[in-house]
Amino acid sequence: MIFMEFSHLLKELRKDKNLTHEQLAQKLGYSSAIIGHWEKGIREPKLSAIKAIAVFFDVSTDYLLGFEDEFGAKAKI
């Protein structure tokens, strides 16, 4: 079972909803540049941003952080 990193997950979730960086940024209240930095792994979001992303995409924070897969199976560390 492969667990993706946050940057890849965010990009996949955004593309699945057919959103641009600008559209996602507007919906979450962040700049499009910061969305790009998160997706490239240049910067990591704060906890408040992770919560907002989880709520927006209707996924768990554990999923976003790579602790579980899309079906809720826990990662083996």
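This is a predicted model: local features need pLDDT of at least 70, side-chain atom pairs count only at pLDDT 80 or more; totals for chains, interfaces and linings use all residues.
Which residue follows α1 with a positive phi?

Residues are numbered from 1 along each chain as its sequence is written, and side-chain values use heavy atoms, with hydrogens and water left out.

First, confidence. pLDDT is the predictor's confidence in each residue, from 0 to 100. The chain averages 88, and 86% of the residues score at least 70. Among the elements, α4 has the highest mean pLDDT, 97. Helix α5, residues 61-64, has the lowest, 90.

Now the layout. The chain has 5 helices and 0 strands. From the N terminus on, the order is α-α-α-α-α. Helices (H or I, at least four residues) and strands (E, at least two) are DSSP runs, numbered from the N terminus.

Next, burial. Buried means under 20% relative accessible area, exposed over 50%, and partly exposed in between, with a 1.4 Å probe and protein chains only. Of the 77 residues in the chain, 34% are buried.

Let's walk along α1. Its buried residues are F6, S7, L9, L10, L13 and R14. Seen down the axis of α1, they fall within an arc of 165°, so they line one face of the helix. That arc is taken from the directions from the helix axis to the C-beta atoms. What covers these residues? The cover includes α2, α3, α4 and α5. And here is the answer to my opening question: N18 follows α1, and its phi is positive, near 55°.

On to α2, residues 21-28. Its buried residues are L24, A25 and L28. They cover an arc of only 100° around the axis, which puts them on the same side of α2. On the other side, Q26 and K27 are exposed. The buried residues of α2 pack against α1 (6-16), α3 (32-40) and α4 (47-57). Contact here means heavy atoms within 4.5 Å. Just after α2 comes G29, with a positive phi of about 85°.

What about the core? A nonpolar core is a set of buried Ala, Val, Leu, Ile, Met, Phe, Trp, Tyr and Cys residues joined through side-chain atoms within 4.5 Å. The largest one here has 18 residues. Those with the most contacts inside this core are L10, L24, I35, W38, I53 and L64. The elements giving two or more residues to the core are α1, α2, α3, α4 and α5. The largest share, 5 residues, comes from α4.

Take I35 from that list. Leaving out residues up to four places away in sequence, I35 touches L10, H21, L24, A25 and L28. Across the chain, take contacts between residues at least 6 apart in sequence: 47% of them join residues at least 24 apart.

Now for a charged pair. How many salt bridges does a search of the whole structure find? It finds 1. A salt bridge is a side-chain nitrogen of Lys or Arg within 4 Å of a carboxyl oxygen of Asp or Glu. The partners are E39 and R14, with their closest N and O atoms 2.5 Å apart. E39 lies in helix α3 and R14 in helix α1, so the pair ties together parts that are 25 residues apart in sequence. Buried or exposed? Both E39 and R14 are buried. For E39, the relative accessibility is 10%. Not counting residues up to four places away in sequence, E39 touches S7, L10, K11, R14 and H21.

Last, the rings. Rings of Phe, Tyr and Trp (its six-membered ring) pair if their centres lie within 6.5 Å; planes under 30 degrees apart count as stacked, over 60 as edge-to-face, and the rest as tilted. The whole structure has 2 aromatic pairs. Y30 and W38 form an edge-to-face pair, 5.2 Å centre to centre, with 65° between the planes. Y30 is partly exposed at 30% relative accessibility, whereas W38 is buried at 3%. The rings of F56 and F57 have centres 4.8 Å apart and planes at 85°, so this pair is edge-to-face too. F56 is partly exposed at 27%, and F57 is buried at 7%.
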